[in-house]
Amino acid sequence: MLEEPPLNFDYQSTTPCLDEVQEAMAPYWAEHWGNSSSRHSLDGLNASAAVSVARDRLASFLGATPERLIFTSGATEANNLALLGHARASAMRRGGPGHLITLATEHRAVLDPLRRLQREGFTLTELLPGADGLLDMNQLIEAIQKDTILVSIMAGNNEIGVIQPLSEIGSICKANNITFHSDAAQSFGHIPLFPDSCGIKLLSLSAHKLYGPKGIGALLFCPDVAIEPIAWGGSQERSLRPGTVPVPLVVGFSKAAEFAFAEIIARGKKLKFLRNQLWDLLRVNVPNLMLNGSLEDRLPHNLNITIPGINGRKLLREIRPLISCSSGSACSMGEPSHVLQALGRTKEEARSSLRLSLGRDTTLDDVHKVVKVLVNSIEKLQKIDG
């Protein structure tokens, strides 16, 4: 008899590729296998048309024109292109590096490129959020210097799910002639997002967080923002991202976004209800349970909790056969979460934390099951560790 697979509460790490997305991609692996840059052939024209349709559709979900959308291998590459590309282009125009601002709770795909720029002579300010994970606007204003050229703040945090006040940040950046970049890998397709109305000049996207394929993402940019390529070798994607465009993945990204936006409001309401049920049931049954980040300003499918006095590694080992979840970002390699530490949690508290993320197929029964497993496992460990 086959064992039941673990309950999946790790949808922020990645999501399964929808059947409809796989079907949309299928013809472009072998039947329509042309290179979208080879427009002298019928196969190339078909591929080019598929990419054009996908680009139009994705841009439309953001209220943008298609020529502003550059396909990348994912949000990590999009972040690198946005941050390294714009900062270096700005330095070339200004005659020297400038000042950069970000949040200490950003993903490594933002922090690492910015720290790389530090080594190139740029100055960097990493602001600490409040205990709720939100950026204080007064703190942002105070951090701005005469040579500040870029602010990078994630739309929805990948660990604690906190949604930042993007319009307020954008207004401050606009008033000070500063480029505003936002990593929307965890937000695109999950919450309505209109970058132009928020003052966002550079927006990074990913497909595999919204039931699309891995290996494809995009960067949305404003025409007035200078970007220097970070790779060379071709004129694809407006000469900003060389290399053959992966037509099947682009088609899959577009199809996944189509499904995500068709149900974005209804799915958001459902997941928010289930998430709140999960939180209410856990805090009733687990003494001293702590919520990480604001509950109100939060992605609907995210819950991040700290269980004081519990050995986090032991807890993960105990629940692993029954629940798939994580103690932080999938990219953190087991280190205590820098996000939770930025919120004021100790290293031990960070290790004793769980990120529970819900998906489109999560049910109320799943919520009750995961609560039962967690409560039983916590009580078991408390008895063992005394």
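In what order do the strands of the three-stranded open sheet come, and is the pairing parallel or antiparallel? The order is β9-β10-β12, and the pairing is antiparallel.

Hi everyone, a word on the ground rules. This is a predicted model, where local features need pLDDT of at least 70 and side-chain atom pairs count only at pLDDT 80 or more, while totals for chains, interfaces and linings use all residues. Residues are numbered from 1 along each chain as its sequence is written, and side-chain values use heavy atoms, leaving out hydrogens and water.

For the terms, helices (H or I, at least four residues) and strands (E, at least two) are DSSP runs numbered from the N terminus. Two strands pair if DSSP finds at least two bridges between them.

At its edges are β9 (290-291) and β12 (353-357), each pairing on one side only. Strand β10, residues 302-306, is joined to β12 by five bridges, and β9 and β10 pair over two bridges. Have a look at Ile-305: Leu-354 is its bridge partner in β12, and Leu-291 stands opposite Ile-305 too. Leu-303, in turn, has Leu-356 as its bridge partner in β12.

In a regular strand, side chains alternate between the two faces of the sheet. In β10, Asn-302, Asn-304 and Thr-306 are on one side, Leu-303 and Ile-305 are on the other, and all are buried (under 20% relative accessible area, with exposed over 50% and partly exposed in between, using a 1.4 Å probe and protein chains only). Helix α10, residues 264-285, lies across β9, β10 and β12, at about 20° to β10; axes are lines fitted to C-alpha atoms, for helices over the stretch in contact, and angles run from 0 to 180 degrees between N-to-C directions.

Now the other sheet. Seven strands form an open sheet with mixed pairing, ordered β2-β8-β7-β6-β5-β3-β4. Its edge strands are β2 (69-72) and β4 (123-127), and the twist averages 20° from one strand to the next. Strand β3 (99-103) pairs with β4 in the parallel sense over five bridges, with Leu-103 partnered by Leu-127.

Finally, the cores: sets of buried Ala, Val, Leu, Ile, Met, Phe, Trp, Tyr and Cys residues joined through side-chain atoms within 4.5 Å. The largest has 56 residues, and Phe-71 and Val-151 are among those with the most contacts inside it. Helix α9, residues 247-262, gives the most to this core, with nine residues. A second, separate core of 29 residues includes Leu-282 and our friend Ile-305. Thanks, everyone!

Terms used:
Contact means heavy atoms within 4.5 Å.
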